[in-house]
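The following paragraphs lead through the contact between two chains of a predicted model. Please look at the structure first, then read on.

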Amino acid sequence: MIYMATDFGRRGPYVGSLHAVLQRAAPAVPRIDLMHDLPRTDPRRAAFLLERLMPVVECGSVLLAVVDPGVGGPRRPLIASAAGRWLVGPDNGLFEMILRRHAPFRRWEILEQPATTAKTFHGRDLFAPVAARLAVALADGQIPHLPEAVVKVRALQGDEPRPGGDWPDDLAEVIYIDDFSNAMTGLDGKKLDKRARIVIAGKAGGIEYRESFSAAPGGAAFWYVNSLGLVEIAVNRGSAAGRLSLAPGSGFEIDGKDSGR
Amino acid sequence: MIYMATDFGRRGPYVGSLHAVLQRAAPAVPRIDLMHDLPRTDPRRAAFLLERLMPVVECGSVLLAVVDPGVGGPRRPLIASAAGRWLVGPDNGLFEMILRRHAPFRRWEILEQPATTAKTFHGRDLFAPVAARLAVALADGQIPHLPEAVVKVRALQGDEPRPGGDWPDDLAEVIYIDDFSNAMTGLDGKKLDKRARIVIAGKAGGIEYRESFSAAPGGAAFWYVNSLGLVEIAVNRGSAAGRLSLAPGSGFEIDGKDSGR
Amino acid sequence: MIYMATDFGRRGPYVGSLHAVLQRAAPAVPRIDLMHDLPRTDPRRAAFLLERLMPVVECGSVLLAVVDPGVGGPRRPLIASAAGRWLVGPDNGLFEMILRRHAPFRRWEILEQPATTAKTFHGRDLFAPVAARLAVALADGQIPHLPEAVVKVRALQGDEPRPGGDWPDDLAEVIYIDDFSNAMTGLDGKKLDKRARIVIAGKAGGIEYRESFSAAPGGAAFWYVNSLGLVEIAVNRGSAAGRLSLAPGSGFEIDGKDSGR
């Protein structure tokens, strides 16, 4: 199985090209579009969201993820393995939260590159073909020899620095505004005390916890633990992003002695 | 086969999560995304649109539909069968027009719920797993024992009230604005006399019928029977929604003695 | 394999209906969504984009493409074959650049039409069923007898005029604004000298070539050869469409003695 997560958006030929390449190179391997609007050109925020998708990524499968503002530059193309999954994409921190929270992990630099690789679309020309080869090998049961058996790589040592290695374990900022205008944060819902309030600079009062939408008065902002396990700010039957002027990157404070952070 | 229709939108991990769950639980069952922008949080308008998709839903398959503003509240999770299809989703009227127009039908309340069900995403955690089990059983030919053979249910009696049971048979309002800014209504095109005119309050004159776009003068509003069989208001090479200030919920009158309504 | 490219957009039941029809008529044939936002109702601009997707369309497969403003009118429904691919869609020039650049080709007019064909959705009711029958036959190895063996057609002679036959070989205008607000043109990147500058009326100076985004100063407009091989105007970390007021159809001049055009 190959799962895809990118910041390409659904418009244009970009996602379709990934599918076409994967279908040709791995015709028997099912493909899942996890999401294609990861935080755009922002591997850090994307990393916190991507990690939360791990529960739906089946063990023994490949996660092809591309948020790659440095495409064509010196950043490494990467294969990593963690928690029984194979990860393929740019080595810019996009997989950092997966690796950190699902240790032990291993990393390899991809050393080959097709001659026809477009400088601006490594997703199609480099990462997708590698993901396809891994997935085909996994379906064939060649697991002990991966990834060396199917792609030219260099194993990265554990002490080599990782892009994103200095990021915090949780991110007290908005990482994603969803289609309902709710604001997803980079905070783990299990770590935040339910008595904590979220305080946004310039906005009066603090935002309190509610277990669900139906528990919040209509029009009132509240925070809850969303279906990915992240702290999310919402307004029942309204727009949290609009009301509170939230956008990816918006910061906030946590008010509450036992917030667990 | 599993067909999906939701109001999740294409952004975010929501549709992708459905696919991931279905792929894991029913890997051999094909999946079709019918649409993911059903009228948002509006089971009533969605019901009139969803019913019109039945012709492309193959007999013997499962329709997983989620427009579920009451998720986490007391509304029942539902399985229904009608016209040889199995329907899975919230019992909030979303399937009402399918049931009513494709009687006889049967209904069951779903009684089990995985311990890990997120309060805000029954689509992923409750409905998709049930849809997958039904589809797998159908592929295995266990039809006589469904749904009891695969999920804990309680059969609903015919005289138990149905949410939406009091809705009209046709809905004289805009139920959906499509990507071309045409305004789909909840009226069956077969029931409306072609001489009828649609009158929108505050707009001069009445909107007349044209058989197709090419039969309408450029820039003129007209109504026609769309490819789903619904009355639709359009402007040839223009925006009906913009020109006529139409949005989901906009009402109108029918002018015409023999409108058949 | 069936590849789809349309201007339907992702909203509404239109793309989903194509999939449903294809799944029913050709259940064993994989489907790829190449893109569904081809230049809307504009077969000419769409033709230049569609041709650039040929490298990802596998030989021996079917390309179902629909940009069809004349649906329901006198334009012919078409099957064509070129470069080992089968093309199905309206005969309005949409395939013109594929045919011209991948000669020799053959063309057939589709003569049958299901009685239930909606006047506004030949994609679902006419083209998809034909594409499915071709793809099933191809999978069965009936290639010598196509398309006559599976659909009632009339072979078009080489000297019959082609819609779009008078279009230029390259189009010096914007054909598509992508999700990153870059402006794709109808110019082949291989034909334009790297010293050429793109001059937009009313904008001072000319836009120079850069090999990639990282080679352009932040905020500066430049042109490059995109991953489809087309000349594209972009602004590093900015919006080319917004900054330069570009939209599909925007024209420009090429400044450069050896521009190769």
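Chain A and chain B bury about 2,100 Å² between them, with 55% of it on carbon and sulfur atoms; buried area is the accessible area (1.4 Å probe) that two parts lose on being put together, summed over both. In chain A, the most area is lost to chain B by D179(A), F180(A) and S227(A), together 28% of what that side buries. The contact (heavy atoms within 4.5 Å) takes 27 residues from chain A and 20 residues from chain B.

Between the two chains the count is 3 salt bridges, a salt bridge being a side-chain nitrogen of Lys or Arg within 4 Å of a carboxyl oxygen of Asp or Glu. In one salt bridge, the side chains of R11(B) and D37(A) meet at 3.2 Å, N to O.

Chain A can be laid on chain B with an RMSD of 0.0 Å by a turn of 120° and a shift of 0.0 Å along the axis, after least-squares superposition on the C-alpha atoms of residues with pLDDT of at least 70 in both. The two copies are therefore related as by a three-fold rotation axis. In chain A, the C-alpha nearest the axis belongs to R10(A), 4.7 Å from it.

The model is predicted: local features need pLDDT of at least 70, side-chain atom pairs count only at pLDDT 80 or more, and totals for chains, interfaces and linings use all residues. Residues are numbered from 1 along each chain as its sequence is written, chains are lettered from A and ligands numbered from 1 in the order in which they are written, and side-chain values use heavy atoms, with hydrogens and water left out.
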